[in-house]
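Keep the 3D view open as you read.

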Amino acid sequence: MEEGEVSPNLIKRTNHFHMNFKFTSILLFFCLVVHSQLKLEGVVTDSLEIPLQSASVVAINKATNGLESYGLTDEKGKYKLKLKGDAGYKIQVSSIGLITINDTLQTKDVDVIRDYVLRADIVLDEVVVKMPVVVRGDTLIYNADSFKNGSERKLEDIIDKLPGVEINENGQIEVEGKVVNKLMVNGKDFFDGDTKVGTKNIPSNAVDKIQVLRNYAEVGQLSGVRNNQDNFAINIKLKQGKESFWFGNVTGGFGDSPDDNLYLLQPKLFYYNPKYSINVISDLNNIGEVALTRRDIRGFGGGFRRPSSRSGTSIDLGDNSLNFLTNQRNALKIESKLASANFSYSPKQSLDLSGFLIYNNSQILSNEKSSIRYTNAGLGIPDEATEQSNTERSSQGLVKLSVSYKPNFNNQIDYDVLARVSDDSQFKNNTSSVLGVTTQFDEVTPYNINQNLSYYYTLNEKNIFAFEAQSVTKNEDPFYNAVLENDPDALDPFDSTANALGLDSSLGTYDLAQNRKIMSNQLDAKLDYYYLIGSKSNINFTLGTLLSQQQFNSSIFQFLENGSEFVPLPTFNEGLVTNDVDYDFSDLYLGVHYRFRTGKFTITPGFSIHAYGNENTQFGLSIENNFIKILPDFETRIQLKKGESLTFNYNMRNQFTDVTRLARGLVFNSYNSLQFGEPDLQNALSHNLSLLYSSFNLFNYTNVFARAAYTSNIDQIRGLTNFENVIRTSTYFNSNFADENFNLFGRIQRTFGKVRTSLNTSFNYSKNNQFIQQRQSVNERFTQTYTPGVRTNFRVAPNVSIRYRYSITNNNQGLRETKFITKAPSIEFDAYIVEKITVKSNYSYTVQEQSGEASQSFQIWNASVAYRKDKDTKWEYEIKASNLLNVSSQIRNSANSISVFNSTTFIQPRFVTIRAVYQL
């Protein structure tokens, strides 16, 4: 070691000491906060001494006039609040229809017991303090101001503080472990299909209440006859004064980086009145702040749900879009442009029109190094080191229009159309330790049109009819080109594959190309009839059909030096390098379900009878398969008590493949992955069981959610893979080896005064059979993840959120076993200082360990400081820095069914920008 150089081990120990010291100090602070509190508890009854459930008890600090604590009574009328010692409080006790009690309390250093009796009176009550959380049936109503401390700027900043609600890593809202796909503002759809647009753009100062609608039914006529416990929606109630006025903000900024000048422009404008609404959200920047990723746009469903989703049949139309390498949050350079608008219009009470328009453009540069070890050591597959750089361009457009006509309660007609187009391309330069240098070019310009028509009719109080139909038209045209090195006078690693493919090996390169075209049409329709036997039971008959038609054409050819195209003749797979396939599928089914309630139980047994028919025609040969199958299903829900339930679900599903797995001709997935299909493939069958427990308790501030699920796949369609060096060729077949998957997820939240603690855990076990080099082996994977967290929500003091994610993954891939361990502590800090300055910072440190290898780590630190004169001022100024430590790359370790890989992904350098925000 040179003079003056610091030992890396000393640095590591010093960093470890500082990290432990910080975490110990913060935990000690939390302990002192909790220890300094005392309890106020008692019972709330009415004048007949009957306990009142869900009565609200609020404590207002006299010195600050701020909300100190709140709670709802349980089924026995009991309440419990956490208060400070030696402080004065105004206590307010209220329940709907009863006179509110206003009491005072001076605490000392001992717990206090007080009971309250609420009496009925027709006299108008005085103004009641807004409860932070109110439960009304299946609706949770959060008062937004109760969870604000002044540092919030967007809707997601509030939602992430709500008990029982979370923002996941993808920016989506989760309630009870379920992703919420419907967001409304004042009851009007807001970019229906993805909540992320709203959470990241709606300004927090416009939000009055956040309503979480559990068991949400889009059609009121069906709310009492369908099981909707998996359906959640969020409705944002705007503050008074935000209606009939434009509101929102415009953000502009600039900065500097080693390679480019940085820029940012983000207009976000909103207008609402009872008759119509307009929302405009735009984003133009080159600093990597992506409003919507390509994956978000691609998954934007527009609120569409397949009518046959609960029939037991699943058919895959496939996805032939580009498989971009880059996660848009991990790239060297990102330029993005977003223009979007959402509208709603109600010309009369019975008619609602709505829709949205989204245009998204992105250009991305990325670089990644990987070390790949293939499964089943000893089968002659060499290890591989690769480096890949990408230039990715994507332009995507979406348009949705919706019409809903409700002339009366007994009739409702809905029509929706969603159209999407894109123009995507990527250029990849890949260097492999086995195959040398390869350049690749992909391009695709697909379009997709979804239409939905629904009609709901209530004949009388006993008879309800529902017709739902959805059509899909899809066109995909991917083009692929790969150029590999070749020395005509020497033996290259790709030569054996080239000879098997029948390529011309006398040239200096192998210039391969492939055209594909996939046309898909699908009609999914059903007619439901509900007969209400009584107030607690009904029977449902369903007549439905699912029709699908796909055409698949492809061709492989080689570009010669004179620019002409050479069609090779492979020495295997009957020499087929082209495809011309017609695939027709039909399902006609009749379903019967009986739903009844008895005590705490809601039970729904049922079954469906399916008449299947499928036929594929290629190379003059037609293969047809017709059969009948009965698919049972069963669901029972136990309402243990208000806010606590247990649900068990079982169903059997029939899964059918898309046309590409049936096509006999060769297809390039990439230069090192080829496939050819099997026209005789049959359906796969699966048994699916799940158990769901949910508890939302405002008496003891505890929320618990747990879900266990098990799936067993029979006659699974699986791959048969053979390797030549690192080049694999796969085909498919139906296997009688059963694959299994079991996962368990749990989340518990507990609030102690202003401190909220949480623990998320997940366990996943999967067993998959695989066939490589003509050998069958079992691939087992077991992953366990633990994520404890602590966060504060003080009104004045700075707030912190601490999380620690610990994950262990064990992979058994036949003859190779690997173990990954991930340790990732993170901390977020925000402070609103003297009601003028907002400071935010987040830091994460990730360590990844692999059995037999040295551990690797990376850290990310972002921070911002904003100034505004007061909360009502129009202007705010901000300095924001990302990747303050100027870390050059991130580490990722993972495994799939055929390989284990370690990746280093290079990311954007330190960016510092100066911004100005103007509030409308």
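To follow the names below, note that strands are DSSP runs of E with at least two residues, numbered from the N terminus. This is a predicted model, in which local features need pLDDT of at least 70 and side-chain atom pairs count only at pLDDT 80 or more, while totals for chains, interfaces and linings use all residues. Residues are numbered from 1 along each chain as its sequence is written, and side-chain values use heavy atoms, with hydrogens and water left out.

A cavity is a set of points, on a 1 Å grid over the protein atoms alone, where a 1.4 Å probe fits but cannot get out; its lining residues have an atom within 4 Å of a point. Grid points are joined across faces, edges and corners, and the volume is the space filled by probe spheres set on them.

The structure contains six cavities of 30 Å³ or more. At least two lining residues come from each of β3 (67-72), β40 (702-714), β44 (755-772) and β45 (775-792); β3 gives the most, with four.

Now turn to the second largest cavity, which holds about 140 Å³ of space. Among its 14 lining residues, G164, E176, F696, N703 and F705 lie nearest its centre. Here β10 (139-143), β39 (684-697), β40 and β43 (739-752) each give two or more residues to the lining.

Note on methods
1 Å grid on protein atoms, 1.4 Å probe; cavity = no way out; pocket = protein on both sides within 12 Å on 5 of 7 lines; lining within 4 Å.
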